[in-house]
Amino acid sequence: MVWQFYNPSFAAAYAPELSAAVMLAGPWSGHTRFAYDLVRFMQPANIAELGTFMGTSYFSMCQAVRDGGLSTRCYAVDTWQGDPHQGYYQDDVFQRVATVNQREYAPFSTLIRNTFDAALPSFPDGSISLLHIDGYHTYEASLHDYTAWYPKVAHNGIVLFHDIAVREKDFGVYRLWAELSSAYPHLTFLHSNGLGVLFPKGCPQQFQPILANKEAFIRQYQY
Ligand SMILES: C[S@@+](CC[C@H](N)C(=O)[O-])C[C@H]1O[C@@H](n2cnc3c(N)ncnc32)[C@H](O)[C@@H]1O
């Protein structure tokens with residue numbers, strides 16, 4: 001399987017329930033094409049996301065599952081209440097995300113409205129193919145989320161970290177990323193607040209050519 005650079009149309013970006021500004025020009029928007037291509041290429045058995053808010057990241061991965069006709073199951077975990085970095089928001093955000101999820105992605109996508117810790121027992125150890133961590137962004141919180149969810153990651157699984165390039169206030173994912181990326185195969189995107197792609201439990205053969213040529217690969221997504 002060769003990596004393909006798609007030019008997808010994201011249903012969520014045009015959903016009247018969601019904010020086009022968040023979907024098309026928010027902190028995660030610069031990674032939606034990569035996330036989409038990654039899911040099409042990897043064809044993961046399942047995807048779990050910790051921190052979904054309006055769904056920019058989550059729905060970009062769901063779109064890939066739908067367009068590719070994949071058998072992937074997707075799970076989004078969030079209290080949909082906010083946190084000190086995101087800010088706290090009202091219940092209508094969850095209602096709007098749930099409406100889009102039901103209309104566009106219901107056959108394979110489940111929203112889990114709970115804390116990350118409370119959702120842990122829903123996932124067997126070694127079961128998650130693609131995990132995206134994008135909750136509260138202090139060093140301590142991101143380390144906690146990674147440590148708690150690491151047992152859930154499958155052999156050859158991938159963990160995505162957003163905000164690895166943010167150094168303002170008490171953001172600390174960049175510190176965690178420095179530690180993890182020195183220990184495991186990885187890709188580092190610095191645009192759009194930064195996205196880390198980590199292979200902490202083995203790296204599938206299909207990714208070896210990409211990792212061997214990572215600078216040129218990363219440049220394809222920096223815009
Ligand atoms: C930065 S936002 C996620 C952004 C999203 N990935 C996107 O693409 O726009 C972080 C989200 O994590 C949620 N969150 C933070 N800590 C959490 C926790 N411990 N349990 C559940 N949700 C949490 C917040 O409610 C917030 O919606």
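Which of the 20 residues around the ligand come nearest? They are Gly51, Ser57, Asp78, Tyr89 and Asp134, where a residue counts as near if one of its heavy atoms lies within 4 Å of the molecule. The model is predicted, so that local features need pLDDT of at least 70 and side-chain atom pairs count only at pLDDT 80 or more, while totals for chains, interfaces and linings use all residues. Residues are numbered from 1 along each chain as its sequence is written, and side-chain values use heavy atoms, with hydrogens and water left out.

The shell around the ligand consists of 5 nonpolar, 12 polar and 3 charged residues. In this division Ala, Val, Leu, Ile, Met, Phe, Trp, Tyr, Cys and Pro are nonpolar, Asp, Glu, Lys and Arg are charged, and the others, Gly among them, are polar. Helix H3 (56-68) and strand E3 (82-83) each contribute at least two residues to this shell; helices (H or I, at least four residues) and strands (E, at least two) are DSSP runs numbered from the N terminus.

Several polar contacts (pairs of N or O atoms within 3.5 Å) can be described. A backbone N or O atom of Gly51 is 2.9 Å from a nitrogen atom of the ligand. An N or O atom in the side chain of Asp78 lies 2.7 Å from an oxygen atom of the ligand, and a polar backbone atom of Gly82 lies 2.9 Å from an oxygen atom of the ligand. Of the 600 Å² of accessible area that the ligand has on its own, the protein covers 88%, by the Shrake-Rupley method with a 1.4 Å probe.

The ligand sits in the largest pocket, in the sense that more than half of its atoms lie within 2 Å of the grid points. A pocket is an open set of points on a 1 Å grid over the protein atoms alone, where a 1.4 Å probe fits, with protein on both sides within 12 Å along at least five of seven lines; lining residues have an atom within 4 Å of a point. The volume of the largest pocket is about 670 Å³. Its lining has 35 residues, with Asp83, Gln86, Asp134, Gly135 and His137 closest to the centre. Helix H6 (139-149) is among the elements that supply at least two lining residues, and H6 gives the largest share, 3 residues.

The second largest pocket holds about 190 Å³ of space. Among its 14 lining residues, Phe10, Ala13, Met23, Leu24 and Thr32 lie nearest its centre. This lining has 9 nonpolar, 5 polar and no charged residues, and H3 gives the most to it, with 3 residues.

Note on methods
A polar contact is a pair of N or O atoms within 3.5 Å; within protein, one must be able to donate a hydrogen and the other to accept it, and residues adjacent in sequence count only if both atoms are side-chain atoms. Grid points are joined across faces, edges and corners, and a volume is the space filled by probe spheres set on the points.
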